[in-house]
Amino acid sequence: MNPGEPPDLVGAPAPVERSVRIVSILASLFLAGTVLVTTMQVVLRYGFNYPQAWAEEVSRYLLAWIILLGAAVAVAHRSHIRVDIVETLLPDRLRPPLSIVQRAFELFAYAVLFYSGCIVAWEHRASRFYTIADAPQVLFYLAAPAGAALMVAYLILGLRRGGR
């Protein structure tokens, strides 16, 4: 996003803005859960010599959800890191076509992530964790397709609203 350029979803319909807010809150709750579980693990391991086997696994998978949900929010706000040296060297008339190409690459990357994530989640649909007996692994492997689906949706909604 260039300075002075509004994020793609500013002024978007209320349900869209609400969904971005809900995703942000969910990622924040997962972050708080990760901090809580990790702190508990450190205290139990080093303070009481009683480590919990499941804590590292839960923290790792929550981190995956945090990253992918946060990436979706970044797509909605157009706040991903980008290298714009080529864009700044081009004349103004060539920037809109370049923006379309950039967005097409983004859409392709998110679609590949979605597809790959669905395959991995499907392969783990019946798997269980080693340390958490009744939790299906698919809940954690759904982070990739869920995050990618949100990225695709926010990208398309941003483009429909005229965001470049």
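Helices α1 and α2 pack with their axes 9 Å apart, at an angle of about 155 degrees. In this predicted model, angles over 145 degrees count as roughly antiparallel. α1 and α2 are therefore roughly antiparallel to each other. Their crossing is left-handed. The contact of α1 with α2 has 17 nonpolar and seven polar residues. No charged residue takes part in the contact of α1 with α2.

Helix α1 spans residues 14–48 and also packs against helix α6, residues 143–160. Here the angle is about 145 degrees. The axes of α1 and α6 lie 12 Å apart. The crossing of α1 and α6 is again left-handed. On the α1 side, the contact is made by V16, S19, V20 and V23. On the α6 side, L150, Y154 and L157 contribute. By class, the contact of α1 with α6 comprises six nonpolar residues and one polar residue.

The axes of α4 and α6 come within 8 Å. They cross at roughly 155 degrees. α4 and α6 are therefore roughly antiparallel to each other. The crossing of α4 and α6 is left-handed. From α4, the contact draws on R103, E106, L107, Y110, A111, L113, F114, G117 and C118. From α6, the contributing residues are A144, P145, A148, A149, M151, V152, L155, I156 and L159. The contact of α4 with α6 holds 15 nonpolar residues, one polar residue and two charged residues.

V152 is found in helix α6. Leaving aside its neighbours within four places in sequence, V152 is in contact with L107, Y110 and A111. The C-alpha atoms of V152 and G117 are separated by 14 Å. The two residues are 35 residues apart along the chain.

The largest pocket has a volume of about 230 Å³. Its lining consists of 14 residues. R78, H80, I81, R82 and E106 lie nearest the centre of the largest pocket. Helix α2, residues 53–77, supplies at least two residues of the lining. Helix α4, residues 95–123, likewise supplies at least two. The largest share of the lining comes from α4, with four residues. By class, the lining of the largest pocket has seven nonpolar, three polar and four charged residues.

Methods
Residues are numbered from 1 along each chain as its sequence is written. This is a predicted model: local features need pLDDT of at least 70, side-chain atom pairs count only at pLDDT 80 or more; totals for chains, interfaces and linings use all residues. Side-chain values use heavy atoms; hydrogens and water are left out. Axes are lines fitted to C-alpha atoms, for helices over the stretch in contact, and angles run from 0 to 180 degrees between N-to-C directions. A crossing is left-handed if the near helix is turned anticlockwise from the far one by less than a right angle, and right-handed if clockwise. Contact means heavy atoms within 4.5 Å. Ala, Val, Leu, Ile, Met, Phe, Trp, Tyr, Cys and Pro count as nonpolar, Asp, Glu, Lys and Arg as charged, and the others, Gly among them, as polar. On a 1 Å grid over the protein atoms alone, a cavity is a set of points where a 1.4 Å probe fits but cannot get out, and a pocket is an open set with protein on both sides within 12 Å along at least five of seven lines; lining residues have an atom within 4 Å of a point. Grid points are joined across faces, edges and corners, and a volume is the space filled by probe spheres set on the points. Angles under 35 degrees count as roughly parallel, over 145 as roughly antiparallel, 65 to 115 as roughly perpendicular and the rest as oblique.
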